[in-house]
Amino acid sequence: MGKEKTKKEKPKKEKKPKKQKEPKASESLAPEKRIPRKKIIVTSIFAFSVLTLILLVEVLVPPMLTQSRARSAYDKGDYYEAYKEYYGQKLSEEDEIRFQGAKTILRMQSNLDGYSNYLKMNKEVKALHSLLEGVKVKFDVFMKAEEYNVLSQVSAVYEQILEVLNSKYHLSEEDALELTEEKSDAVYTRKLEALVEGKPYSGDSDNSDKQMNR
C-alpha cells in the first residue's frame, strides 16, 4: 500500500442538475405532425359554407320579413301598406296575385281619395272630375279585380263613388258615364261647374274657354 494521504480529500461537489425549461404554451400546443391536406380542404369548405349561409340569411331574411308584413297588411285590408311592402320585391305567384289585387283596389280607391283631397283644397270641380274618372275606368278595373280575386273590395269602393255622385250631385251611373264621354274639355268643364254650383247646365258651349286639366 502506498503512503496514506496526510489530508483527507474533500469530496467533490455534485453538480446541480440543470433546470429544464418549461415548454412555451405555443410549443406545448403545437401538433407533432402537420395537418393533413385533406383536413385543411374540409375545414375550408366548412368555413365557406358557413359564410355562404350568413350571406344568404342577410340577403333572404329581409325580403321574407317584408313579404310577411305585406301579407299581414293585405289580410287586414290595408292595401296601400301591402302594395308598398310588395313593391320592387321578387314575388311568388301567390304574392304576385296579392300585389296586383292591392294595386287594382288602389286604382279605384284613388278616385275616391282624390275627391276628398281636392275638396280640402277647395277645388270641387276637380274633386267631381276624380269621381267621374272612377266611373270611366269601371269596366277595366272590374276585369282586373275579377282576375285577382278582389271584385268585392273594388265594388265596395265603386258603390261609395256612386253614392256621392247621387247624393251630392244627383247623378246616376248613366249620367256620369254620359259626362265622361263629352269630347270638348271646355263643355265638360262647364258642365261640372254647373253641377258644383247646383245649377242646371244650359248647354251653351260658346261662353267660356275655360278648360280643366284632365
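1. Contact, as the word is used throughout this note, means heavy atoms within 4.5 Å. The model is a predicted one, in which local features need pLDDT of at least 70 and side-chain atom pairs count only at pLDDT 80 or more, while totals for chains, interfaces and linings use all residues. Residues are numbered from 1 along each chain as its sequence is written, and side-chain values use heavy atoms, with hydrogens and water left out.

2. Leu 179 belongs to helix α8 (residues 173–180), where helices (H or I, at least four residues) and strands (E, at least two) are DSSP runs numbered from the N terminus. Setting aside residues up to four places away in sequence, Leu 179 touches Leu 132, Leu 171, Tyr 188, Lys 191, Leu 192 and Leu 195. Leu 179 has a relative accessible area of 9% and is therefore buried; here buried means under 20% relative accessible area, exposed over 50%, and partly exposed in between (1.4 Å probe, protein chains only). Along the chain Leu 179 and Lys 136 are 43 residues apart, and their C-alpha atoms are separated by 9.4 Å.

3. Leu 195, one of the contacts of Leu 179, is placed in helix α9 (residues 185–197). With a relative accessibility of 21%, Leu 195 counts as partly exposed. Apart from its neighbours within four places in sequence, Leu 195 is in contact with Leu 128, Tyr 169, Leu 171 and Leu 179. Between Leu 195 and Glu 124, which are 71 residues apart in sequence, the C-alpha to C-alpha distance is 9.9 Å.

4. As to the chain overall, the secondary structure comes to 9 helices and 0 strands, and the pattern read along the sequence is α-α-α-α-α-α-α-α-α. Of the 214 residues in the chain, 28% are buried. Among the contacts with a separation of 6 or more, 57% are between residues 24 or more positions apart.

5. Helix α4 (residues 93–120) packs with helix α5 (residues 124–136) at an angle of about 170°, and their axes are 8 Å apart; axes are lines fitted to C-alpha atoms, for helices over the stretch in contact, and angles run from 0 to 180 degrees between N-to-C directions. The two helices, α4 and α5, are therefore roughly antiparallel to each other, on a scale where angles under 35 degrees count as roughly parallel, over 145 as roughly antiparallel, 65 to 115 as roughly perpendicular and the rest as oblique. On the α4 side the contact includes Met 108, Leu 112, Tyr 115 and Leu 119, and on the α5 side the residues include Glu 124, Leu 128 and Leu 131. By class, the contact of α4 with α5 has 8 nonpolar, 5 polar and 3 charged residues, with Ala, Val, Leu, Ile, Met, Phe, Trp, Tyr, Cys and Pro taken as nonpolar, Asp, Glu, Lys and Arg as charged, and the others, Gly among them, as polar.

6. Helix α6 (residues 138–147) and helix α7 (residues 151–169) have their axes 8 Å apart and pack at an angle of about 150°, which makes α6 roughly antiparallel to α7. Lys 138, Val 141, Phe 142, Ala 145 and Glu 146 of α6 make this contact with Leu 151, Val 154, Ser 155 and Tyr 158 of α7. These residues divide into 6 nonpolar, 1 polar and 2 charged.

7. The count of aromatic pairs comes to 5, where rings of Phe, Tyr and Trp (its six-membered ring) pair if their centres lie within 6.5 Å, with planes under 30 degrees apart counted as stacked, over 60 as edge-to-face and the rest as tilted. Tyr 74 and Tyr 79 have ring centres 5.4 Å apart and planes at 80°, so the pair is edge-to-face, and both Tyr 74 and Tyr 79 are buried. Phe 142 and Tyr 158 also form an edge-to-face pair, because their ring centres are 5.5 Å apart and their planes are at 75°. Since Phe 142 lies in helix α6 and Tyr 158 in helix α7, the pair ties together parts that are 16 residues apart in sequence. Phe 142 and Tyr 158 are both buried. Tyr 83, Tyr 86, Tyr 87 and Phe 99 form one aromatic cluster.

8. Asn 122, in the loop between α4 and α5, has a positive phi of about 60° although it is not a glycine, and at 74% relative accessibility Asn 122 counts as exposed. Asn 149, in the loop between α6 and α7, has a positive phi near 60°, again in a residue other than glycine; its relative accessible area is 62%, so Asn 149 is exposed.
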